[in-house]
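Student: I am new to this model and want to know how its descriptions are reached. Shall we begin?

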Amino acid sequence: EHALTLKKLGEDQWRIHVVGNPALDRFLTTKHLGKRQLLECLGLGHLVNDQFGVVIKHSIISQVDLQEDQMKKIFEALLTTDLFYLVNYPNSDPGSLEIRKIIDVYCETYPEKFFKFKNLDREIYVNLLRHASVLVGNSSSGLLEAPSLRLPVVNVGMRQRGRVHGENVIFVDHDELQITRALNKCLRDEEFLEKV
């Protein structure tokens with residue numbers, strides 16, 4: 001699609017080369033860590049036999065006043081599954097403090113279900129996605145890196161909509177039922193998982 005856009009802008013065909021996302025070269029060549037080693041690095045070695053998901057939700061500047069409620073809906077949907085979730089703090093855009101507040105509340109209320117983190121070493125982050133069963137939120141990682149890892153993604157809200165994406169991504173609104181259904185599809189729908 002990007003090549004076609006360049007052609008429509010008048011670029012000569014011989015100058016256009018479809019090579020994919022160059023950032024994936026470094027991503028895919030990152031050292032592999034076994035699941036046990038990865039989880040022990042995070043102090044979560046007891047989860048080595050369990051599936052887990054990763055949650056990354058960033059704020060949307062035009063929806064700052066909705067961030068708290070949106071994050072609550074995501075957490076409530078996550079509680080309906082039997083997975084443990086590792087929850088990344090958002091970037092520092094306006095609205096991120098509201099998201100962090102909800103992350104703190106749920107992680108403290110349900111420590112058997114959620115684990116929060118701020119920043120991870122690249123090697124740890126890449127391997128976290130490699131071993132995850134699902135990525136939930138609105139991170140560009142769901143569209144850029146997750147397809148190469150065959151990782152199902154539930155992209156919640158408007159962030160990332162309209163971008164080129166793989167068939168691993170399910171777009172939903174900030175609606176608890178929609179999120180729950182998408183999670184079930186990512187975790188249990190064999191036809192969807194085969195496509196991913």
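Student: Which residues in H4 meet residues in H8?

Tutor: Lys 73, Ile 74, Glu 76, Ala 77 and Leu 78 in H4 meet Glu 176, Ile 179, Thr 180 and Leu 183 in H8, where contact means heavy atoms within 4.5 Å. By class, that contact has five nonpolar, one polar and three charged residues. Ala, Val, Leu, Ile, Met, Phe, Trp, Tyr, Cys and Pro count as nonpolar, Asp, Glu, Lys and Arg as charged, and the others, Gly among them, as polar. The model is predicted, with local features needing pLDDT of at least 70 and side-chain atom pairs pLDDT 80 or more, while totals for chains, interfaces and linings use all residues. Numbering runs from 1 along each chain as its sequence is written, and side-chain values use heavy atoms, without hydrogens and water.

Student: Why are H4 and H8 called oblique?

Tutor: Their axes, lines fitted to C-alpha atoms over the stretch in contact with angles from 0 to 180 degrees between N-to-C directions, cross at roughly 40° and come within 9 Å. Angles under 35 degrees count as roughly parallel, over 145 as roughly antiparallel, 65 to 115 as roughly perpendicular and the rest as oblique. H4 and H8 are therefore oblique to each other.

Student: What does H4 meet in H5?

Tutor: Gln 67, Glu 68, Met 71, Lys 72, Phe 75 and Glu 76 in H4 meet Glu 98, Ile 99, Lys 101, Ile 102, Ile 103 and Tyr 106 in H5. This contact has six nonpolar, one polar and five charged residues. The axes of H4 and H5 come within 8 Å and cross at roughly 35°.

Methods: Helices (H or I, at least four residues) and strands (E, at least two) are DSSP runs, numbered from the N terminus.
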